[in-house]
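Welcome, and thanks for stopping by. Please take a look at the sequence and the structure below, and then we can walk through the main features together.

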Amino acid sequence: MSGAVPERTGGPRRTIRGPRPEAVPALVSRTCTLVGLLDIAAGVFPRFRHSRMHTLAEVLPGSLGPFAAALSLSAGVLLLLLAHGLRRHKRRAWRAAVVLLPAGAVAQFSYRHSLLGAVISLALLVPLLRHRSEFAALPDPRSRWRALANFVLMGAGSLVLGLVIVSVHPDRLVGDPSLADRITHVLYGLAGFEGPVDYTGNTSWTVAFSLGALGLLTAVTTIHLAFRPEHPAARLTGDDETRLRALLDKHGRRDSLGHFALRRDKGVVFSPSGKAAVTYRVVSGVMLASGDPIGDVEAWPGAIERFMDEAKAHSWTPAVMGCSETGGEVWTRETGLDALELGDEAVVDVADFSLAGRAMRNVRQMVKRIERAGYETRVRRVRDLGEGELDRIRRAAADWRGTDTERGFSMALGRIGDPADGDCLIATAHRVDGPVAGTSGAAAGDARTAAGPGPYGDLKAVLHFVPWGRDGVSLDLMRRDRSADPGMNELLIVAALQAAPRLGITRVSLNFAMFRAALARGEKIGAGPVLRAWRGLLVFLSRWFQIESLYRFNAKFRPRWEPRFVVYRSPRDLPRIGLAALRAEGFVTLAAPRPLRRGPAPQRPCAHRPADREVRAA
């Protein structure tokens, strides 16, 4: 990058800062949370309502008129819902709070003649109006599925809170109702009907109005989410994909993850000149970019600025997963963000690869053993495969996936055999007993595939690679039939490396090994106690995540290691970014229970072969 002049978007180059928590929104959010919790407590617990704290709670927004308990619950829940939006600078949350607080002040003065209650409401309103420019964030992408999620979550919360409301009056209960009776009473009360539990005095009215308020809030918020206009998440359009492919044709050699920018479930922002772009997905309020920006390095700052502006407009947390060292330097220099080494990418230079030598003995013996067992391999471009064989490969890869959902985001393309991906590489392993009579060459291969046993013919394993410029490929996924002999992935990687010169390929990017440096240094002599403890934790976590297994698998092929980084705004954002990344990669999913899903259950992966399970992203 020496001598490169970053693209300027007009005026002097400025340091682009991401959206940082402001003092006023944070204070207002905390205040709304505190007031909401006090209102809920005032509406639920009778001892609290008659304690000294009740003197303060009565003048807070929500404690109005004779229905104080029900209205306290309603106001408390609404303020809790608004608090998160206010913290994220959301314009709609600001509007709702601006309407709610004056309404509370008017009600306090009209019904309770409480001047102090009105003053507290207006005191909360003053910073909102004075700093209204701080609350300008646009809504997040959404769909009507959020209405179902709201109904489930609000319904569950209302049920739990309703059980508390029903049970905090033991001295007023008539008889000794069972847990089933209390749950039934809550469900009836949420729907506005009288349940089987009865109380002495006016407690029945208090409980009934409180449950009715919770049910009404659940219904109103669900109906609002179901019928409001949709703002779907960003997706690549045909024009976006065309522009990205043009950038990759010119600059795709720079980053092995570049082709994964063509995932069609990502959004994209381009630099003002159109010479660079950043692709992303928004997960749980985190704007996740993956890999380096696409295009001319000199235009990267313009694309990064657009990315940061988009994050600020929606109050999203910006983050980058898996960028290179060069990319990390540009991101941190242009935005003021920080970078942390995430792991290493295994890259094999084809000219240096050989099965000869003691270091490759285990791989060499495994490959020879599998070949003697009657397996053969084929390495071809997608454009050279017939549609019938491509369809078999797609169906086999889906069936052998081993998980209910497709995994991968930063290092997975998410499709096989698309006509636009003709340069992708497919390596397949086949179990054959001998040639098919009367055929030869590719025709013999197709005939054996079609005639072989099993639903996918003689196909036993698949590796899919995406282009890395004009002379490289990057591993996308590894799938195999669980009934096949162990070592299918090793066989196909060796086959792809041996076929690479014929296909004009000089370098092959394999799996990404998370925390590889810590694993490698922690097992060496002289490693300190902290490093050994960190390595021990990573080995322990490898029981559930492919950490050590992918490192060991990659190391078999004697690669060179290229570090990859995560770019983040603040250390306190890392847990949130980590959870968003796990969701994006498919390791954490919010899926329906299995009995409600359609289609057959996938085959479960073998526990003793962790390296064979999934795509390159761990």
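Of the 618 residues in the protein, 52% are buried, where buried means under 20% relative accessible area, exposed means over 50%, and partly exposed lies in between (1.4 Å probe, protein chains only). This is a predicted model, in which local features need pLDDT of at least 70 and side-chain atom pairs count only at pLDDT 80 or more, while totals for chains, interfaces and linings use all residues. Residues are numbered from 1 along each chain as its sequence is written, and side-chain values use heavy atoms, with hydrogens and water left out.

**Overall build**

- The protein has 20 helices and twelve strands; helices (H or I, at least four residues) and strands (E, at least two) are DSSP runs, numbered from the N terminus.
- Among contacts between residues at least 6 apart in sequence, 78% join residues at least 24 apart, a contact being heavy atoms within 4.5 Å.

**Two helices that cross**

- Two packed helices are described by the angle between their axes and the distance between the axes.
- Helix α13 (residues 361-372) and helix α16 (residues 488-499) have axes that come within 9 Å and cross at roughly 100°. Axes here are lines fitted to C-alpha atoms, for helices over the stretch in contact, and angles run from 0 to 180 degrees between N-to-C directions.
- On the α13 side, V363, M366, V367, I370 and E371 make the contact, and on the α16 side M488, E490, L491 and V494 do.
- The residues of this contact divide into seven nonpolar, no polar and two charged. Ala, Val, Leu, Ile, Met, Phe, Trp, Tyr, Cys and Pro count as nonpolar, Asp, Glu, Lys and Arg as charged, and the others, Gly among them, as polar.

**Salt bridges**

- Side chains of opposite charge can pair when their charged atoms come close.
- There are 28 salt bridges in the count, each being a side-chain nitrogen of Lys or Arg within 4 Å of a carboxyl oxygen of Asp or Glu.
- R263 and D265 form a salt bridge with an N to O distance of 2.9 Å, and both residues are buried.
- R380 pairs with E389 in a salt bridge, with the closest N and O atoms 2.9 Å apart. R380 is buried at 18% relative accessible area, and E389 is buried at 5%.
- R395 and D391 also meet in a salt bridge, at 3.1 Å from N to O. These two residues are four apart in helix α14 (residues 387-399), so about one helical turn separates them. R395 is partly exposed at 38% relative accessibility, and D391 is partly exposed at 34%.
- E241, R245, R264, R415, D418 and D421 are linked in a network of salt bridges.

**Cysteines**

- A disulfide is a covalent bond between the sulfur atoms of two cysteines.
- How many disulfides does the count give? The count comes to zero, using a pair of cysteine sulfur atoms within 2.5 Å as the rule.
- C323 is buried, with a relative accessible area of 0%, and C424 is buried at 1%.

**A buried serine and an exposed proline**

- S158 sits in helix α7 (residues 145-167) and is buried at 4% relative accessibility.
- Setting aside neighbours within four places in sequence, S158 is in contact with V186, L190, L214 and T218.
- P571 belongs to the loop between β12 (560-568) and α20 (574-585) and is exposed at 55% relative accessibility.
- P571 and D338 are 233 residues apart in sequence, and their C-alpha atoms are 8.8 Å apart in space.

**Positive phi values**

- Most residues other than glycine have a negative phi, and most peptide bonds are trans.
- F515 has a positive phi, near 55°. F515 lies in the loop between β11 (507-514) and α17 (516-522) and is partly exposed, with a relative accessible area of 25%.
- R558 also has a positive phi, near 55°. R558 lies in the loop between α19 (548-555) and β12 and is exposed, with a relative accessible area of 58%.
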